[in-house]
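Keep the structure open and try each task before reading on.

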Amino acid sequence: MDGSEECIAAGFAAGDEHCMEAVYRRWRPLVHSLAHRCLGDEREAEDVTQQVFLAAWHGRRRYRPGPGGLGAWITGITRHKVADALEARTRRWAAAAAAGAAPGRADRPGSLPQQESEQVLDRVLVLGELARLPFEQQRVLRLAFYADLTQTQIADRTGLPLGTVKSHMRRALHQLRRSLPAAARATR
């Protein structure tokens, strides 16, 4: 079997179980990472990861190759499953508050979970769009925003020329600026 993404995606869409295994191995770390970052709970992240791949398998006939390929499609499913998990969490919280199990928050039913879920959805959108960027652009942005490094420090750490780091940063931010509003509209 050819290991190219196109071949794996075609086999996956056709129902080839070996391709499903390859898809799971390739995208499970990304899906789990997104779910864990958004939900902040390992058990929920594992549940969402399983739900994503189950939904992908059941919906494989609806997959159509496009920009970002199968990874973008799976990231979209992840976004929806994380939103479902957050909604379920909000319902559980509201039920607990109504039963008096959440003292101190009962005076503001729904306000914090709604705000949290919007922030988490925004985070999922950003992470999904970040995953679509070329590797070097992702790497530069992650080092800048997650490791809090300057462009000079990024150049030192990666061995890339400073001008290249600046170019990667500018292109990546420009791409995110263009793609995030469209991604946000698609989920609202």
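**Exercise 1.** Is Glu136 buried, partly exposed or exposed, and with which residue does Glu136 form a salt bridge?

*Solution.* Step 1: Glu136 has a relative accessible area of 23%, so it is partly exposed (buried means under 20%, exposed over 50%, partly exposed in between, with a 1.4 Å probe and protein chains only). Step 2: its salt-bridge partner is Arg139, and the closest N and O atoms are 3.2 Å apart. A salt bridge here is a side-chain nitrogen of Lys or Arg within 4 Å of a carboxyl oxygen of Asp or Glu. Step 3: the two are three residues apart in helix H6 (residues 135–145), so about one helical turn separates Glu136 and Arg139. Helices are DSSP runs (H or I, at least four residues), numbered from the N terminus. Step 4: Arg139 is partly exposed as well, at 27%.

A word on the source: this is a predicted model, in which local features need pLDDT of at least 70 and side-chain atom pairs count only at pLDDT 80 or more, while totals for chains, interfaces and linings use all residues. Residues are numbered from 1 along each chain as its sequence is written, and side-chain values use heavy atoms, with hydrogens and water left out.

**Exercise 2.** Find the salt bridge between Arg132 and Glu129, and say which helix holds the pair.

*Solution.* Step 1: the N to O distance is 3.9 Å. Step 2: both residues lie in helix H5 (residues 111–132), three residues apart. Step 3: compare the accessibilities: Arg132 is partly exposed at 44%, whereas Glu129 is buried at 7%.

**Exercise 3.** Which parts does the salt bridge of Glu46 and Arg28 tie together?

*Solution.* Step 1: the closest N and O atoms of Glu46 and Arg28 are 2.7 Å apart. Step 2: Glu46 lies in helix H3 and Arg28 in helix H2, so the bridge ties together parts that are 18 residues apart in sequence. Step 3: a search of the whole structure finds four salt bridges.

**Exercise 4.** How are the rings of Tyr24 and Phe53 arranged?

*Solution.* Step 1: the ring centres are 4.9 Å apart and the planes are at 70°, so the pair is edge-to-face. For Phe, Tyr and Trp (its six-membered ring), pairing needs centres within 6.5 Å; planes under 30 degrees apart are stacked, over 60 edge-to-face and the rest tilted. Step 2: Tyr24 is in helix H2 (residues 17–39) and Phe53 in helix H3 (residues 42–58). Step 3: Tyr24 is partly exposed at 26%, whereas Phe53 is buried at 3%.
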